[in-house]
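Please consider the salt bridges of the model shown below. The discussion takes the form of questions and answers.

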Amino acid sequence: MISGIFENCVGSKDIEATLKYWAEFGYREVNRGELWAEQAGLLYGHESDLTSIRLQNSNSADHGLVRVMWWKQPRNEGLGDTLPVVVGSRWFASLTKDIYAVADAFTDDKANGGDWIYTEPVRAIEATGNKGTGLYNRFVGVREMFVIGCETRQAFFQRYNYNRPGYGTVDPSSPLSVSEGTHSSFITSDHALASFYADFFGLIPLVSNGKRSGYQKPSTRQILMLCQGQEFYLSAFASPKTNVGLLQVYSPLYPTPDKREYSQPGSIGLSLFTYRVEDIAAFHQRVRSSTATSVTTIISNEFGELCFGLVAPDGMYWVIVG
């Protein structure tokens with residue numbers, strides 16, 4: 001019934017410049033559509049003329065796509081240079097074959113006027129891994145980095161000495177050797193509400209759900225730009241159909257600003273995740289019986305697909321795509 005996180009949607013100020021950016025990561029246009037302001041208001045909760053372009057990386061057509069959304073009258077300037085761990089923050093991650101090539105590209109662009117905040121690649125260990133102690137006991141894990149721009153919030157990771165077939169596919173034509181989006185993340189204030197994504201979205205909670213992490217872990221501290229003592233709970237939810245398209249939910253154990261208004265449809269930058277299902281009528285009925293609010297009727301989106309919008313109990317806006 002479920003295919004997982006379908007698209008990472010980005011509000012754009014300049015479509016052509018935004019398309020040029022995503023082309024560097026291997027994305028190409030596969031669809032384009034428009035909505036009048038009234039129609040956009042019904043589905044996205046923001047009444048403005050809308051032009052959208054769907055971008056696909058390689059042949060990954062069922063998860064991890066990017067949708068560029070140009071609003072004639074944007075809701076607001078978006079999350080901008082807000083640091084990763086504040087309520088309402090969103091980002092997504094992609095696999096790369098050469099994380100230092102990605103880091104060098106952002107370093108060079110910033111040196112020539114590019115407006116970026118980013119971390120240097122750092123070693124990290126996932127659920128399985130090995131710190132490495134020498135030539136005959138090598139590091140097993142990933143190197144990761146985080147990038148913040150006015151229209152994007154992305155993490156990149158490269159694997160070392162292990163593989164997860166199907167979890168990120170890098171097409172040889174990608175200039176920076178980057179895959180489709182492998183997992184998407186956001187920050188919420190109440191971690192108990194994360195169960196909604198298992199109970200009503202049908203995602204599968206991972207065994208490590210609810211784990212505590214943060215500043216005490218050096219790699220996490222660097223990647224998420226944490227200050228001393230800042231920790232959070234983290235849960236992850238997998239698609240029942242694929243081993244990619246995961247959702248990660250973070251909840252800080254310290255006060256943060258509430259930036260949800262700046263990561264909603266109509267905002268500039270990463271402002272929406274979409275979720276694809278096979279039987280949208282059944283899923284609509286299921287969500288209407290939940291604690292979700294602002295559930296719209298099923299209508300056609302700018303690509304002619306049946307969709308509806310909702311606000312999850314954690315206050316995050318979603319669009320369900322049939």
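Predicted model: local features only at pLDDT ≥ 70, side-chain atom pairs only at ≥ 80, totals over all residues.

Residues are numbered from 1 along each chain as its sequence is written, and side-chain values use heavy atoms, with hydrogens and water left out.

Reader: How many salt bridges does the structure hold?
Author: Side chains of opposite charge can pair when their charged atoms come close. A salt bridge is a side-chain nitrogen of Lys or Arg within 4 Å of a carboxyl oxygen of Asp or Glu. The number of salt bridges in the structure is nine.

Reader: How many residues apart in sequence are the parts that Glu7 and Arg54 tie together?
Author: Glu7 forms a salt bridge with Arg54, with the closest N and O atoms 2.6 Å apart. Glu7 belongs to strand E1 (residues 2-11) and Arg54 to strand E3 (residues 50-57), so the parts tied together are separated in sequence by 47 residues. Strands are DSSP runs of at least two residues, numbered from the N terminus.

Reader: Is Arg67, the salt-bridge partner of Glu7, buried or exposed?
Author: The salt bridge between Glu7 and Arg67 has an N to O distance of 2.6 Å. Buried means under 20% relative accessible area, exposed over 50%, and partly exposed in between (1.4 Å probe, protein chains only). At 0% relative accessibility, Arg67 is buried.

Reader: Which residues are linked with Glu7 in a network of salt bridges?
Author: Glu7 pairs with Arg54 and also with Arg67. The network links Glu7 with Arg54, Arg67, Glu302 and Glu305.

Notes. Helix = DSSP H or I, 4+ residues; strand = E, 2+ residues; numbered from the N terminus.
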